[in-house]
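I'm going through one structure today and jotting down what I look up as I go.

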Amino acid sequence: MRKEWVAKRSGQSNVTQMHYARQGVITEEMHYVAQRENLPADLIRDEVARGRMIIPANINHTNLEPMAIGIASKCKVNANIGASPNSSNLQEEVDKLNLAVKYGADTVMDLSTGGGNLDEIRTAIINASPVPIGTVPVYQALESVHGTIENLTPEDFLHIIEKHAQQGVDYQTIHAGILIEHLPLVRSRITGIVSRGGGILARWMLHHHKQNPLYTHFRDIIEIFKRYDVSFSLGDSLRPGCTHDASDDAQLAELKTLGQLTRKAWEHDVQVMVEGPGHVPMDQIEFNVKKQMEECSEAPFYVLGPLVTDIAPGYDHITSAIGAAMAGWYGTAMLCYVTPKEHLGLPNAEDVRNGLIAYKIAAHAADIARHRPGARDRDDQLSHARYNFDWNRQFELSLDPERAKEYHDETLPADIYKTAEFCSMCGPKFCPMQTKVDADALTELEKFLAKEPVTQS
């Protein structure tokens, strides 16, 4: 749908949604987002102009269905996919993309580091994706020098960043906030630097004793992003990798730099969201969200989890969904899902499904807690269906209809049980919701109680 929209913008030096919003223009993408979010189009424009909302929409990703990330819109969920040298290939990653979209991913990040030609994998994913695609260009930059970090030059980074922009990537994680003076601050950590991109840049700085090239060449990256409308996802290279390391000096020093970079990008009308921590105890989550809003002038916050405990390998989609729901409640705009394979291995299709559903639950719970208009409508509809024993309607309204039906049918598979007024938990005689009390009976009871109050004895 976007081919005609973007054709009108050809030849312009700045084609970002923020640029148009600041000129008072409501783009077709903004209109589309307004309909999806059930919000006024001028509110969408104003939020994008202010920087509190982004619409990741590269002009070369024309099959995109535009969406918004920001505190005024519904809480969003990102799914990570990507081939690795040890597992997966192009077709498997496209299959994961389709699965992620099926189960409600609002954006998808391609984190491929191997498993085939990275350009071909990325192109296939973009061509198949109706949702925004994000990447981490430093991964391919490292592959371009055959894994020898010390050989990377600023030009290598910029070349890959522009290549991703040309291919249609909608947002890129740019690890520009980790500075050489931040590195000594990780001494007291248990897990050091856990960001893959951040680790690459840290090793480069340690070897060359020079400042982060993504920081020193940030203006060059801005110029690339202006031409294609690529959004910054400013990477948190010093995010905590365990609850012990949360909210420490290293994390907060980088966050301050990310705020400075956010405002620098805004000077050129380039859209920005800021990435946040991955492991945070529950009592520190509110502080982290509010601190980001303060340091980064309310740019949308995008967090990985956060995991609220470190003792559950194999179940980190649960430990992190707890933190994600809280982060969304406090104002985080997008949640990056964590799968059961986190810290253990490359997720397969079932892991993608489990991680996404856990995070769709977290995001929806956050929307309810923030009292977003209409957020609870689906819950109420499902509750009515449950009370009326309308099993098929319950399945239809659930986040994962196939799984809901599968679990019901494990014990009561026959079609006749789709209209039965019980499930296998209570059976036909003990279901409390069979106690149907009509309005007339309640009215009579109220009259009786008014005449003869019940004594507590």
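This is a predicted model: local features need pLDDT of at least 70, side-chain atom pairs count only at pLDDT 80 or more; totals for chains, interfaces and linings use all residues.

Is Phe 232 buried or exposed? I looked it up: Phe 232 has a relative accessibility of 0%, so it counts as buried.

**Entry 1: the ring cluster**

I went for the aromatic pairs next, and the structure holds three of them. Phe 218 and Phe 232 make a stacked one, with 4.7 Å between centres and 25 degrees between the planes. Phe 218 sits in helix H11 and Phe 232 in strand E7, so this pair ties together parts that are 14 residues apart in sequence. I checked burial for both partners, and Phe 218 is buried, as is Phe 232.

Phe 232 also pairs with Phe 225, and that pair is tilted: 4.4 Å centre to centre, 50 degrees between the planes. Phe 225 counts as buried because its relative accessibility is 0%. Taken together, ring pairs link Phe 218, Phe 225 and Phe 232 into a cluster.

**Entry 2: helix H11 and its cover**

I stayed with helix H11, which runs over residues 218-228. I found Phe 218, Ile 221, Ile 222, Ile 224, Phe 225, Lys 226 and Tyr 228 buried there. I noted that a lysine, Lys 226, is on that list.

What covers them? The cover of the buried H11 residues includes helix H8 (154-167), strand E6 (171-174), helix H10 (213-216), strand E7 (231-234) and helix H12 (249-266). Just past the end of H11, I saw that Asp 229 takes a positive phi of about 55 degrees.

**Entry 3: the core**

Which residues have the most contacts inside the largest nonpolar core? I got Phe 225, Phe 232, Leu 356 and Tyr 359, in a core of 115 residues. The largest share of this core, seven residues, comes from H15.

I listed the contacts of Leu 356, leaving out residues up to four places away in sequence: Val 77, Ala 79, Ala 100, Tyr 103, Gly 104, Ala 105 and Tyr 337.

Then I looked at Arg 353, which lies in helix H15 (residues 349-369). Arg 353 is buried because its relative accessible area is 10%, with the cut-off at under 20%. With the sequence neighbours left out again, Arg 353 touches Leu 99, Tyr 103, Asp 400, Glu 402 and Arg 403. Tyr 103 turns up in the contacts of Leu 356 and of Arg 353.

**Entry 4: salt bridges**

How many salt bridges are there? The count comes to 37, and I looked at a few of them.

Arg 50 bridges to Glu 298, with the closest N and O atoms 2.8 Å apart. Arg 50 belongs to helix H4 (residues 41-50), while Glu 298 is in the loop between helix H13 (282-295) and strand E9 (301-304), so the bridge ties together parts that are 248 residues apart in sequence. I have Arg 50 down as partly exposed at 44% relative accessibility. Glu 298 counts as partly exposed too, at 30%.

Asp 367 bridges to Arg 372, and here the closest N and O atoms are 2.6 Å apart. I found both Asp 367 and Arg 372 buried.

Glu 406 and Arg 403 form another bridge, with 3.2 Å between the closest N and O atoms. Both lie in helix H18 (residues 401-409), three residues apart, which is about one turn of the helix.

**Entry 5: a nonpolar patch**

Last stop, the surface. I found a nonpolar patch formed by Val 437, Leu 442, Leu 445, Phe 448, Leu 449 and Val 454, with about 520 Å² of accessible area together. Where does Val 437 lie? Val 437 is in the loop between helix H19 (427-430) and helix H20 (439-451). With a relative accessible area of 46%, Val 437 is partly exposed.

Notes: Residues are numbered from 1 along each chain as its sequence is written. Side-chain values use heavy atoms; hydrogens and water are left out. Helices (H or I, at least four residues) and strands (E, at least two) are DSSP runs, numbered from the N terminus. Buried means under 20% relative accessible area, exposed over 50%, partly exposed in between (1.4 Å probe, protein chains only). Contact means heavy atoms within 4.5 Å. Patches are made of residues with over 30% relative accessible area and no salt bridge: like charges are joined within 9 Å, nonpolar side chains (Val, Leu, Ile, Met, Phe, Trp, Tyr) within 5 Å. Accessible areas come from the Shrake-Rupley method with a 1.4 Å probe; for residues, only the protein chains shown count as cover. A salt bridge is a side-chain nitrogen of Lys or Arg within 4 Å of a carboxyl oxygen of Asp or Glu. A nonpolar core is a set of buried Ala, Val, Leu, Ile, Met, Phe, Trp, Tyr and Cys residues joined through side-chain atoms within 4.5 Å. Rings of Phe, Tyr and Trp (its six-membered ring) pair if their centres lie within 6.5 Å; planes under 30 degrees apart count as stacked, over 60 as edge-to-face and the rest as tilted.
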